[in-house]
Amino acid sequence: MTNHKVIFAKVILPLRFEGEVSYIVPESIVKEVKPGSSVKVKFSGRDYIAIVEEVTSENPNYKGRILEIESIIEKPLLSSQVIELWRWIADYYMCTTGEVYRAAFPSASFNQTVKRVKKRTQTTEKERELPNELSDKQKNACSKISEQLSAGVTTLLKGVTGSGKTEIYISLAEEVLNSGRNVLYMLPEIALSRQLSHRLEKIFRDKLLIYHSGQTASERRSVFEKIMEGSGPYIVLGLRSAVFLPFSSLGLVIIDEEHDSSYKQNEPSPRYNGHDTALVLAKLFNAGVVMGSATPSLESLYNALSGRYTLVELNEKYYSDHSPRIEIIDTIREEKRGQMEGIFSRKTISAIESCISSGEQVLIFRNRRSYSPFVQCIYCGHIPMCTSCNVSVSYHKSKGLLSCHYCGQSIRFNTICTKCGKPGLKERGSGTEMVEEQIAKLLPKARIARFDAETTQSRGEQKRIIKEFAKGELDILVGTQMLSKGFDFSKLNLIIIIHADSMFSTEDFRAGERALQMLTQLAGRGGRRDKEASVIIQTAQPDNNIYRMFIEGNDDFGTELSERKEFGYPPFVRLIKIIIKNKNIRELHNFAAKYTDYLNTADSIRFTGPFAPPVDIVRGEHILNFLIKLPRTKDVRSVKRALYDHTVKMVKNEGHGLKLWFDVDPY
Ligand SMILES: [Zn+2]
Ligand SMILES: [Zn+2]
């Protein structure tokens, strides 16, 4: 019997588990076990690799027998900053650290028998390419940002498309790499990272690592290991999940296209925002931050206005400074005058024709995929719905299917109406597939492709279409918002937006801000080198204020900001959406009523709800939402914690088949 003190380790298991789990640290490994260590443990009779969160001599306060750690594993070994980041994510996004652990290690268990991935040697024989020489304006911007970085102030770099933000990022990254620290370069979308990675590879060669969810597990693991071994410094080009890499040093975080809503993860938990999490990561490492966009988010502009960020503007295009010509076409008026051919106005068609005949390219944007968003019976008005979701099914003509975009279920299309029995089902509305078909009929000689979630399911297809368009082998590209992001097409000279009003038809309080960002981003795709591009907007609401702002190049959201302040929207309050689901609708409403009672009594909580979302049945589960508004006061953390704890307890005791989750900063 030795009289040494028993040491306990509080651990994080890769489970969605509420509450704390601790193990006894065997004496033989007491010196090795520390926060961030990986250990083998048994939990409910199963083996897990757990991450040690805390080591303490205090007896953990929980029921049941406390087991011993079985063994310690050499890897992964996480830095204290990483553990702190996990805790922050769980706290802020109202989930468990176990869920964060699972997100950080997506390939289930990271074990020590991982085969080393062979290092690729693709760029060694090629000459290293030097970055482009910076223009005077870029040099100015760069030195201003450097100053801010060393003063620890975040910079918002606002520069129109083509103004050369990337060159500035490259120059800043080189500086930090030379000082021996890692750089994290964040992008919102895989397609963008593919385009940029070629360029960065030529400059940074084997210092460049790429990390995103589209890679294979072994590719990701290889990056993970390199970062963990600390053999760098590296520049990591990554999507939002790159915030989970096991950094032990970090000197600079670049957040490009910072306004982009794809930084937010909606499913599964943790429902985190990669942009905001990267800011916290940078803070933990004392790293500098520069974020950039042609169309910064209202929050970031607000932070710049209020002095929290420094705003650096880059208004001159690197190649040319022709702004787009914009034309608004009133489709209702054109229809009355007999000037519409299906979904296109005659003016639009002749603009397309003259663009193509002068050897240039056209992009047609439609914010809706499929052939038609729904079908309807011409005899009885019946609209076929998905059998397990409360939403109409979309018609995909080339596949002959009616599909649900919520659950993915499809049935064969047949004109016979299931309600009246007559052959009356006809397409309504127009998606990208119909746009493609109509333009092909109008201009039979044009070379046309479609770029949306359906035609780009494989990585190869997506690459192929973009490549063909970039090489001038296509005349017209029809696509969804996937096209608005960062692509650079030098021969693109006409951008057409069909049914532009659909950009506003959402419940999102940011609809106006997002629509203006989308228009500006789309316009930025064309006319990059030497010629001004044209933008045609087909709309049934030509007087909408957003179009006026777009034409004037005005992004002064002063009125919008004061409205948000008055009505209580971000950045003035914090929003938390609470989603509850149940197959049993009575149980759902019972819980909602009890939960409403609780929220009514809770301090400093304003809320609306319960309300049904636009699609309130998905996969047979009924859905209700609550929207919580929290003031941005100092005690917001403890208010959230109390809300979380109480809610979890209520679900456990009174849930009866209920699923509930929190979505913090949902929009
Ligand atoms: Zn019918
Ligand atoms: Zn469905």
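Tutor: Helix α2 is mostly covered, with seven of its eight residues buried. Buried means 20 or more other C-beta atoms within 10 Å of a residue's own; exposed means 12 or fewer, partly exposed is in between, and C-beta atoms are placed from the backbone. Helices (H or I, at least four residues) and strands (E, at least two) are DSSP runs, numbered from the N terminus. This is a predicted model: local features need pLDDT of at least 70, side-chain atom pairs count only at pLDDT 80 or more, and totals for chains, interfaces and linings use all residues. Residues are numbered from 1 along each chain as its sequence is written, while chains are lettered from A and ligands numbered from 1 in the order in which they are written.

Student: Which residues of α2 are buried?

Tutor: T97, G98, E99, V100, Y101, A103 and A104. They pack against β1 (8-12), β4 (46-56) and α1 (80-92).

Student: Why does T97 count as buried?

Tutor: Because T97 has 22 C-beta neighbours inside 10 Å.

Student: And what does T97 touch?

Tutor: I12, W86, R87 and A90, leaving out residues up to four places away in sequence. Contact here means C-beta atoms, placed from the backbone, within 7 Å. T97 and F17 are 80 residues apart along the chain, and their C-alpha atoms are separated by 8.3 Å.

Student: New topic. Which residues touch the most other members of the largest nonpolar core?

Tutor: V11, A173, Y185, V236, V253 and I254, in a core of 95 residues. Helix α4 (residues 165-178) gives the most to this core, with six residues. A nonpolar core is a set of buried Ala, Val, Leu, Ile, Met, Phe, Trp, Tyr and Cys residues joined through C-beta atoms within 7 Å.

Student: How do α13 and α14 cross?

Tutor: The axes of α13 (residues 511-523) and α14 (residues 545-552) come within 10 Å and cross at roughly 40 degrees. Axes are lines fitted to C-alpha atoms, for helices over the stretch in contact, and angles run from 0 to 180 degrees between N-to-C directions. So α13 is oblique to α14. Under 35 degrees is roughly parallel, over 145 roughly antiparallel, 65 to 115 roughly perpendicular, and the rest oblique.

Student: Which residues make the contact?

Tutor: G512, A515, L516, L519 and T520 of α13, with I546, M549 and F550 of α14.

Student: What is the mean pLDDT of the protein chain?

Tutor: It is 86, and 93% of residues reach 70 or more. pLDDT is the predictor's confidence in each residue, from 0 to 100. Over residues 111-125, pLDDT stays under 50.

Note on methods. Two residues are in contact if their C-beta atoms, placed from the backbone, lie within 7 Å.
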